[in-house]
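I am opening a notebook on this structure. The entries below say what I looked up, in the order I looked.

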Amino acid sequence: MKLAIVTDSTAVLPEKIKTHQDLFVIPIPVILDGKVYNEDVDIEANEYYKLMKKSKEFPTTSQPTFGETLTLYKKLKEQGYDTILSIHLSSGISGYVTNLNSIKDSVEGVKVIPYDSKITSMPMGHMVEAALDMLDAKKTLDEILDYLDIIRASTYAYLIVDDLNNLVRGGRLTNGAALLGGLLKIKPVLTFEDGKIVLFEKIRSIKKALRRSEEVIGEREKEIERPVKLYVIHGNNLELAKKEKARLEKTYSNITVEIGHFGPVIGTHLGEKAIGFAICAK
Ligand code: MYR
């Protein structure tokens, strides 16, 4: 088997794997004032948040086209790959990974396995890293998939957004319409449930929402019963992310916290200043 790992640009990848020879990243487009930018190819987070502030229209995202995806898969066949594990953002927030099922048999002689990470961002980056580490350790495809399932089943994320408007308007908050009017001004903690973003708890201040997220992370850490990865992820809010990292490392002194940022695609849906906490098995 010659296995390629494909992911999309919403994965936050550890530096050490970015140049791995068997890793390929498909960019997700963001559309701002009528202009299409491919994430991490045409635009990166810092510039995007500046443009977003000035934009006249509400920004949106779209899925990579079948054409682009097939072009990549065919290129991988030409490079000698016979198996492609395509690890992507949750089917609960984008139709992309589900849609891949309709093209997975289009490249003759290549087995394509679309894998729904049920999450995105740093925990998805960790899944990609784990898959590559196992590939390097000559593990079988089934062993890799089994391990990805373990990480996926142990992944929890909690989000606090500065303004719920982006999530509700972009349609990524399940039952979001029901919250309109009532919750837009408060700071609820959101979570992922079966890959979808849902309300976790209604909380009225950012401070309380942060303290509640820190607490619930500790509860999840006990449940996971394995060494964990813990992430603080921010949308142009590095100072807050650093404070949260320090607080978490003080409270859970056995865990190292990694900081990352939400890129343009996730930034479009969470808005600027969002902060996320994610925990999963190592
Ligand atoms: C598409 O338009 O289908 C592609 C991109 C959809 C991205 C939706 C992002 C929602 C916010 C996710 C927050 C993740 C925090 C860990």
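Which residue in β6 does Leu3 stand opposite? I found Thr83 there.

Before going on, I note that this is a predicted model, in which local features need pLDDT of at least 70 and side-chain atom pairs count only at pLDDT 80 or more, while totals for chains, interfaces and linings use all residues. Residues are numbered from 1 along each chain as its sequence is written, and side-chain values use heavy atoms, with hydrogens and water left out.

**Entry: strand β1**

I looked up the pairing of β1, residues 3-8. Helices (H or I, at least four residues) and strands (E, at least two) are DSSP runs, numbered from the N terminus. Two strands pair if DSSP finds at least two bridges between them. I read five bridges between β1 and β6 (residues 83-88), and these two run parallel. With β2 (residues 23-26), β1 pairs over four bridges, also in the parallel sense. Val6 has Phe24 as its bridge partner in β2.

Next I checked the cover on β1. Six of its six residues are buried (under 20% relative accessible area; exposed is over 50% and partly exposed in between, with a 1.4 Å probe and protein chains only). One side carries Leu3, Ile5 and Thr7, the other Ala4, Val6 and Asp8, and both faces are covered.

**Entry: the ligand**

I then looked up polar contacts, which are pairs of N or O atoms within 3.5 Å. A polar side-chain atom of Thr61 is 2.6 Å from a ligand oxygen atom. For Arg172, an N or O atom in the side chain lies 3.2 Å from an oxygen atom of the ligand. Ser62 uses a polar backbone atom, 3.5 Å from an oxygen atom of the ligand. Taken alone, the ligand exposes 500 Å², and the protein buries 98% of that (Shrake-Rupley method, 1.4 Å probe).

**Entry: Ser91**

Is Ser91 buried or partly exposed? I found Ser91 partly exposed, at a relative accessible area of 28%. Ser91 is placed in the loop between β6 and α3 (96-99).

Terms used. A polar contact is a pair of N or O atoms within 3.5 Å; within protein, one must be able to donate a hydrogen and the other to accept it, and residues adjacent in sequence count only if both atoms are side-chain atoms.
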